[in-house]
Amino acid sequence: MTTPRLPDPPTASPRRRPGSITLSLVGFLFLVELASGILQGYYVPLISDIVGHLGIHDADFNWFEAGQLLLSAATVPLLAKLGDMLGHKRMLLISIAVTALASWALVLAQDFTTFLIAWSLQGVAAVWLPLEVALIFDRGRRTGTAATATRRSAGLLVVALEVGAIAGALGGGRLFAALGEQVPPTLIAPAVVVSLVFFAVLFGVPESEPLPGRRLDGGGFALLALSLVLVTSGLTFLRLNGPGAWWVWACIAAGVLLLVPWGRLELKHPDPAIDLRALGRRSMWPIQLTAGLFGISVLGAQVPLSTYAGTDPANGYGLGLDAGDRSIVIGIYLVALIIGAGVFAALSRVIRPRTMLLIAALLVALGYLLFVPFHLTLAEVLTNMVIAGLGSGALVAALPSAAAAAAPRGQTGVATGLTNTTKTIGGSFASSVFGVVLVTGAGMSAASLGGYLTVWIVCGAGALAAFGALLLVPRSAFSDSDPGSGRDGDAAADPIVVPPEPHSPAV
């Protein structure tokens, strides 16, 4: 009698590579960031023509930028938190829809007020990247490869963002000329692009798995939004009105003081708007601090670099480049950002994420501090900008993914959103201070060399301070083996109380 053969025991399926887990997802999100970059670059060469179309002064355009900045600062934390609660895809679709409607409103706007409202609403797009990173991290969490997959994918998304910015800047001016220099028809193109990516997300991106039983901390978000609006508006008015206006400083001080009652409220709330205990972890607070310090250079130093490149060398410094040549210099800097983000994505599997962050911060510091002795020739300026650009590209990709890896379950979106908010505040502070510094001691037609040196030293010192903060991050932080668990000597418990899930994904 033959003994029947027992079936082979089931074997565990091999772990899939991080890239294969999110390949389809990242492909559609790549299109979203491409659209985001087009939005950022498309309008820049059209600013003077938009001013003429609306019949306003050049200085009035500052109000458009200020309105967009204020709205993004106030809404990004809220939208990111709602993504954690209701689904990141759902909030991404809502934010894209709002941005698309605002973009179409710009086509129809014929006056200052309408254009200001529509332009400000486009600031909602600032939440796209944080929500995308949260979507990727959620998908990777199910297979235990969240941190690695997110780092690699975030680098690709930043590449899409910068490529879109270059394409938008080049395409905006050319399409304007092709359409007979008519502003409204020219503004249709970005509205169409954003409308199309809405359907790409709707049909191509799966929803995340939010924790059940969450509730919105309305009071906490109201106080936080008010604080951010007061601080960022005060910084904006500081740039517009100068340091002599006392009410500017009162506005900033009021915003900072509001953080005291807000902090007390958050520590008592069972599901706070911002989990301050999680924010205090050694793997989290250096990331948020680095984002703020990084904003000084990546957002605050671009205008000074552009004006320095256009300054007449007869002043003893400057490059004397015209608008076309300055755009080429800026383009080279953006290409360096793309390379930095691409290299980060390529090396994210073989180099510790903490090490990548440290190297990137050092590159930013080196690039800006080299301006102090080397700034008189185009070759020197380009070398410095490329070095800083490589580090900046890596940081733009690394910071949201690091925040996602350090966040507790259910707080991925708000943690990544905070990196955007702190970066914006750092950039606003730097823009305001740099504007004052460059005016002080300026001549009839150009800022002083001392002002530019101060800008570069502050940018370099900020990057060095970020490097020092990142040294305090545990070496094993942001790894797949322990994403967001706080196994670094800090309290790891998630204070949010939620019902148990039917089944837990493999982590």
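Is Glu181 buried or exposed? The tour returns to this residue after a view of the whole model.

**The whole model**

This is a predicted model, in which local features need pLDDT of at least 70 and side-chain atom pairs count only at pLDDT 80 or more, while totals for chains, interfaces and linings use all residues. Residues are numbered from 1 along each chain as its sequence is written, and side-chain values use heavy atoms, with hydrogens and water left out.

Begin by displaying the protein as a cartoon. The protein contains 21 helices and zero strands; helices (H or I, at least four residues) and strands (E, at least two) are DSSP runs, numbered from the N terminus. Of the 507 residues in the protein, 52% are buried. Buried means under 20% relative accessible area, exposed over 50%, and partly exposed in between (1.4 Å probe, protein chains only).

Next, display the surface. The protein exposes about 21300 Å², and carbon and sulfur atoms supply 69% of that area. Accessible areas come from the Shrake-Rupley method with a 1.4 Å probe; for residues, only the protein chains shown count as cover. Among contacts with a separation of 6 or more, 83% are between residues 24 or more positions apart; a contact means heavy atoms within 4.5 Å.

**First stop: Glu181**

Select Glu181, found in the loop between helix 8 and helix 9 (183-186). Glu181 counts as exposed because its relative accessibility is 56%. The phi angle of Glu181 is near 55°, a positive value in a residue other than glycine.

**Second stop: a salt bridge**

Which side chains meet in a salt bridge? Select Asp271 and Lys81, whose side chains meet at 3.3 Å, N to O. A salt bridge is a side-chain nitrogen of Lys or Arg within 4 Å of a carboxyl oxygen of Asp or Glu. The pair links distant parts of the chain: Asp271 is in the loop between helix 13 (259-268) and helix 14 (276-279), Lys81 is in helix 4 (residues 61-86), and they are 190 residues apart. Both Asp271 and Lys81 are buried. A search of the whole structure finds one salt bridge.

Move to Arg214, in the loop between helix 10 (188-204) and helix 11 (218-241). Arg214 is buried, because its relative accessible area is 13%.

Select residues 323-347, which form helix 17. The 25 residues of helix 17 should span 36 Å at 1.5 Å a residue, and the end C-alpha atoms are 36 Å apart, which agrees. The expected span of a helix is 1.5 Å times one less than its number of residues.

Colour the buried residues of helix 17, including Tyr333, Leu337, Gly340, Ala341 and Phe344. What covers the buried residues includes helix 8 (146-178), helix 15 (285-298), helix 16 (302-310), helix 18 (353-369) and helix 19 (378-406).

Then select Val335, Ile339, Val343, Leu347 and Val350, which make a nonpolar surface patch of about 400 Å². Patches are made of residues with over 30% relative accessible area and no salt bridge: like charges are joined within 9 Å, nonpolar side chains (Val, Leu, Ile, Met, Phe, Trp, Tyr) within 5 Å. Ile339 counts as partly exposed because its relative accessibility is 44%. An α-helix has 3.6 residues a turn, so residues three or four places apart point the same way.

Select Lys423 in helix 20 (residues 412-439). Leaving aside neighbours within four places in sequence, Lys423 is in contact with residues including Ala291, Phe294 and Leu299. Lys423 and Ile296 are 127 residues apart in sequence, yet 7.7 Å apart in space, C-alpha to C-alpha.

Ser428 also has its place in helix 20. Ser428 is buried, with a relative accessible area of 6%. Not counting residues up to four places away in sequence, Ser428 touches Leu69 and Leu235.

**Last stop: helix 21 and the cysteines**

Finish with helix 21 (residues 449-470), whose 22 residues reach 32 Å from first C-alpha to last, close to the 32 Å expected at 1.5 Å a residue. The buried residues of helix 21 pack against helix 15, helix 16, helix 18 and helix 20. One of the buried residues of helix 21 is Cys459, with 1% relative accessibility. Cys251 is also buried, at 15%. How many disulfides does a search of the whole structure find? The search finds zero; a disulfide is a pair of cysteine sulfur atoms within 2.5 Å.
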